[in-house]
Amino acid sequence: MLLEINLLFRKTACLSGRFAVAYRKDRNERQKMRMISVDISNIWGAVALPDLLAIESEVAAAYETLMEGTGAGSEYLGWLELPSREPKPELFRILLAAERIRSTSDVCVVVGVDGSCLGSRAAIELLQGANRNIGRGKGNPQILFSGNSSSPRRWNELMALLKDQDVSVIAVSKNGTELETAVAFRNIRWMLERKYGTDEAGKRIYVVTDPENSALGQMAQEEKWECFSIPADIDGGYGVLTAAGLLSMAVAGIDIQEVLEGAAEAKEEYDLRSFENPVWLYAAVRNLLYRNGKAIELFVSQEPGFRMFGAWWQQLFGESEGKKGKGLFPATAEFTADLHSLGQLIQQGQRNLFETMV
């Protein structure tokens, strides 16, 4: 479990590293480093200092297992080399496609479920706010998300929003077989073909998938839609720094080259192999709390722009850790909206949870 914790949080830290504001000197005292600050002053009483010091060797071993690719699931560790492995021609294609969508569309619908769309949605709302769609249109389109619900009402609302709008669609699916995504994509495709005709509709469809091994990739080849790759060694939930996340971010107007540069810097900065590394410290503390009877981790923010970041965090941790009868239950809360409901439970309910507050 510790390996999974370290793996997951290090991935999240790479995305967040560009925007960290706490500074410290690096190991060689030669440069400033942007680092996330982790305040653990409230854990004492639930965690003993000797236990924290003792677990450092376990974290080190988990880190080595991760970096050497010798643990379970090592065939899906391709994200460790992101963003440096993103080929420049692919990045150039992403930027060109994003500019076409921006110039021709009032609305871009991203069709995907769970990790296929949560990372990009988290990044967009974190950087541009939860209400970023207000007042947007052609040249800077609205970004809507579909394919993650079986609700007829939600689908009808989406169709009403798309009426009389110029629309493009980005379908994101590693294997192309998720039911909700497949149904939503086929219906949006049908809507586009009725509105624009088959040829013009095809120019408004963009696919992000495993082009060699997925049903969606095969369909894209047959229909000659523009197709971007999620590499076979990267699981969909960890693909936010591939076209799975970068294309919709670019459509939103985010400078994805700056995001990639920041992630590359963070990858180097967080390769600090001691508890001076806040990633190591966080992984160790949450593992000790779990061992000491805390069954729930509550991710809390007072900023609405973090809402979808929390949903992405919840998906990554829940799906990856919830195996073999183990795993913290990941929950999210937004204060002050939840302060007088969940806040009451936190303060005076069962002592079986801990908070991670951003």
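Trainee: Quick one: which residue in β5 is the bridge partner of Cys108?
Mentor: Ser168 is the bridge partner of Cys108 in β5. Bear in mind that this is a predicted model, where local features need pLDDT of at least 70 and side-chain atom pairs count only at pLDDT 80 or more, while totals for chains, interfaces and linings use all residues. Residues are numbered from 1 along each chain as its sequence is written, and side-chain values use heavy atoms, with hydrogens and water left out.

Trainee: And how many bridges join β3 to β5?
Mentor: There are 5 bridges between β3 (residues 107–111) and β5 (residues 167–172), and the two strands run parallel. Strands here are DSSP runs of E with at least two residues, helices are H or I runs of at least four, and both are numbered from the N terminus. Two strands pair if DSSP finds at least two bridges between them.

Trainee: What order do the strands take in that open sheet?
Mentor: The order is β4-β3-β5-β6-β7, 5 strands with parallel pairing. β4 (142–146) and β7 (226–229) each have a single partner strand, so one side of each is left without a neighbour in the sheet.

Trainee: What does the twist average there?
Mentor: From one strand to the next, the twist averages 20 degrees. The axes are lines fitted to C-alpha atoms, with angles from 0 to 180 degrees between N-to-C directions.

Trainee: Which residue of β10 does Leu298 stand opposite?
Mentor: Glu355. β8 (residues 296–301) is joined to β10 by 5 bridges, and the two run parallel.

Trainee: Switching to the backbone: where's the cis bond that involves Pro83?
Mentor: It joins Leu82 and Pro83, with omega about 5 degrees. Pro83 sits in the loop between α2 (49–68) and α3 (88–104).

Trainee: And what's omega for Phe335 to Thr336?
Mentor: Omega is near 15 degrees, and that peptide bond is cis too. You'll find Thr336 in the loop between β9 and α13 (342–348).

Trainee: Last one: is the phi of Asp164 positive or negative?
Mentor: Positive, about 65 degrees, although Asp164 is not a glycine. Look for Asp164 in the loop between α5 (152–162) and β5.
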